[in-house]
Amino acid sequence: MNSLNFQQRIEQTLQIQFGVTIDHASKRQVYEAMMRSVREILSQKKFGYEQELKKRRVKRAYYMSMEFLVGRTLRNNLFNLGIEQEIQTYLSKHHISLDEIYQIEPDPGLGNGGLGRLASCYLDALTSQDYPVTGFSILYEYGIFKQVINNGWQQEFPDYWLDLGKYGLVYRSDEEVEVRFYGNIKEEMTAEGFRVTHENYTAIQAEPYDLLISGYDTDTVNTLRLWEAKAKTGFNMKLFERGEYSRSSEAEAIASSISKLLYPADSTREGKELRIKQQYFFISASLQQLVKNHYREFGTLENFHEYAALHINDTHPAMAVAEFMRLLIDEYHYSWEKSWEITTKTFAYTNHTIMSEALEKWAVDLFQPILPRIYSIIEEINRRFCQWVIDMGYEMTLPETAIIYDGMIKMANLSIVSSHYVNGVSKLHSDILVDSTFRSFYALYPDKFGNVTNGIAHRRWLGQANPELTNYLESLIGIDFVKDLSKISKLLEYKDDEKVLHALKDIKHQKKQQLAAYIQDTLGITVNPNSIFDVQVKRLHEYKRQLLNALHIVYLYQAIKYQGLRPTPRTFIFAAKASSGYDMAKNIIKFIHSISQLIESDELVREYIKVVFIPDYKVSLAEIILPAADVSEQISQAGKEASGTGNMKLMLNGAITLGTLDGANVEILEAVGEENIVIFGLKTEEVNQLVAEGYKPWEWYNRSERVKQTLDFIRTMTVGGMNFNFLVDYLLNDDPFMCLADFESYIYAQQQIEEAYNDEKQWQKMSLVNTAKAGIFSADRAVKEYADRIWHIQQVK
């Protein structure tokens, strides 16, 4: 990309749109001009790439996900176009800071956690590797929520990201479609055969917006298609006049709710209904458009699987299976048998959770009225599947494998039965799936299951988030690792080079100073960049055990204050959002804040430890935190985390993993060796054995003096008029994720971390090895496995 051409576009946009020159433009005007210019360039590239794809008639992948946590787009696009440095120089000549322009862009409110970030990493990697792919999701007006911490309590507010974030979107008015809810179905035999008609439905308009995805050092541009819900008919006066007041504006009510928020609270029936509508809305709109385009080009759908691979990212898009069958049978009049054959050759499914309670299920009496035709298709899929299982002699597995059982529709089961491939996202996770979670399915389909370990977009998490480290590595080992992360292993040649180790330490300190400045500016808290930066940033959930981390901090507090402990200074950094309806997670945030207040009020203790909870965690915040971390807390209970990707991003930036043998931690251990990671806690089989024997937290309280002292001290804590007896009672009576069982081991592991950190040369070598061994965790590697083994798509340049 020619930076001069881009500069001319900026200036032209400023003149035409705002009537100003760049020397008289505001930062907001420059930002908008840059976003529009990037969009135009990517649109031109997209047109050229699309023409090539049409000419070759190649197979494409379509990735369906409830969320895509894309992060800010402007810097990513300038970096990928190879013009970031030139634009920075150009703007500085006009007394404009590119970093300040970057700060204007909000994080697009299209995702929440690891699931959405993984989906975005994969779109980035697929595009950079020249694979043709399209993502599908919803254009959420307010994202998940903007997190504000008030007196230690999480509060949720709308995230008005579209005001400044809309400039990267391309509205496609030519591809609007209709999505239908409610009503009833009419079945009849006609001269053409058995037909099903959907009557008395409520129609919603799906309006498409495209977010263009650039690739690094390539002309390939792919698309993230986002659907916004609009009422198709608006106010129905005839229904109103008949006294049907609620139905008269039903379409407006449904449409206004569907694309408002990601993951609305589902603790109520209304919340569950909305989630069902959201999921069906985006998959129906996406599939209608895909099927229509394919039929227009080929005149048949029998070869659909030869040109399209449809991927279900977790169970949220699972209804796509039934919707695809509906289109084939009802709209294009294929037989059930032919439709099922096409469907099972087309779909693949990635599972992202081990915990059975997290596998999505919907009550039949809730689901059926909203989507009557989709339910009837799922019912028939289930009937035929159950008969096949009985014929195979596995009827004893039906309580586990049936798609509809005991009044519940099991979306993971639907995904497995309908897909030609099912994968987990780490070696341990995939083993647990076939050995435990989906053991009965594995007996039925032994060749259907496999593994693709997650990967990260290293060009964002190293190249953009840590330009200081990237530039230094380029001077040391060349630039190849930016395109191919496996080349970063060349860094191992310098693990005993004291000059290199010292340079890496200086870069880490610089990133810590940047984070310390951010904390000071946003929270008014002063932290010591010379302290150990101990980081746990991820979605707030009990199984991720932020509570275990907090318990250790309380242990340190009382040991410093009353037992003469004088540890190496440490700053504990948390960032996490709790789901709006998740009370225990919110209580844990409050507990962490109260510990922070307790420490800040103690002149002695605050010299050694500090606790910082940074609100509103998102991609742009992660880009500040992760490069500054010394310690990467990956402490979920063994057997609960499917993979994790934060562990990979932190490792890439030189943080040392402190973790359990869970998720991808197992593979990080294999990559770096046990001398470059700190592992603690029960293993998965030990956790399972404890559960089988009956885990009794009280026994761990009675046998460990440190557990007892810590919990007893928490009972005495009153901060801001609040005590935390309920947390102690919860741990002693339930402790579902075994914080107490792992507490002693965790304390010892933290001591190992401190000892290693105090040996400066050893610590820097550990850090270097972690960065050098991160190549296997590149998203480029992961998407190639999907492309080759599951989707069977080729690179198109």
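Three salt bridges are counted between domain 2 and domain 3. The model is a predicted one, and its chain is divided into domain 1 (1-56 + 73-106), domain 2 (57-72 + 107-454 + 783-790) and domain 3 (460-777).

**Domain 2 and domain 3**

- The C-alpha centres of domain 2 and domain 3 are 35 Å apart.
- On the domain 2 side, 36 residues take part in the contact, and on the domain 3 side 45 residues do.
- About 3,200 Å² of area is buried between domain 2 and domain 3. Carbon and sulfur atoms give 56% of that area.
- Within domain 2, the residues that lose the most area to domain 3 are Gln147, Trp153 and Met355. Together these three make up 18% of what the domain 2 side buries.

**A salt bridge**

- Lys427 and Glu670 form a salt bridge. The closest N and O atoms of Lys427 and Glu670 are 3.5 Å apart.

**The largest cavity**

- Seven cavities of 30 Å³ or more are found in the structure.
- The largest cavity has a volume of about 200 Å³.
- Its lining consists of 18 residues, and those nearest the centre of the cavity are Thr73, Asn77, Leu211, Leu212 and Ile213.
- By class, the lining of the largest cavity has eight nonpolar, six polar and four charged residues.
- Domain 1 and domain 2 each provide at least three residues of the lining of the largest cavity.

**The second largest cavity**

- The volume of the second largest cavity is about 100 Å³.
- This cavity is lined by 14 residues, with Leu469, Leu504, Asn653, Gly654 and Ser767 the closest to its centre.
- At least two lining residues of the second largest cavity come from helix H24 (498-523), and at least two come from helix H35 (760-772).
- The lining of the second largest cavity divides into six nonpolar, six polar and two charged residues.

Technical notes
Residues are numbered from 1 along each chain as its sequence is written. This is a predicted model: local features need pLDDT of at least 70, side-chain atom pairs count only at pLDDT 80 or more; totals for chains, interfaces and linings use all residues. Side-chain values use heavy atoms; hydrogens and water are left out. On a 1 Å grid over the protein atoms alone, a cavity is a set of points where a 1.4 Å probe fits but cannot get out, and a pocket is an open set with protein on both sides within 12 Å along at least five of seven lines; lining residues have an atom within 4 Å of a point. Grid points are joined across faces, edges and corners, and a volume is the space filled by probe spheres set on the points. Ala, Val, Leu, Ile, Met, Phe, Trp, Tyr, Cys and Pro count as nonpolar, Asp, Glu, Lys and Arg as charged, and the others, Gly among them, as polar. Domain bounds come from an automatic or database domain assignment. Helices (H or I, at least four residues) and strands (E, at least two) are DSSP runs, numbered from the N terminus. Contact means heavy atoms within 4.5 Å. Buried area is the accessible area (1.4 Å probe) that two parts lose on being put together, summed over both. A salt bridge is a side-chain nitrogen of Lys or Arg within 4 Å of a carboxyl oxygen of Asp or Glu.
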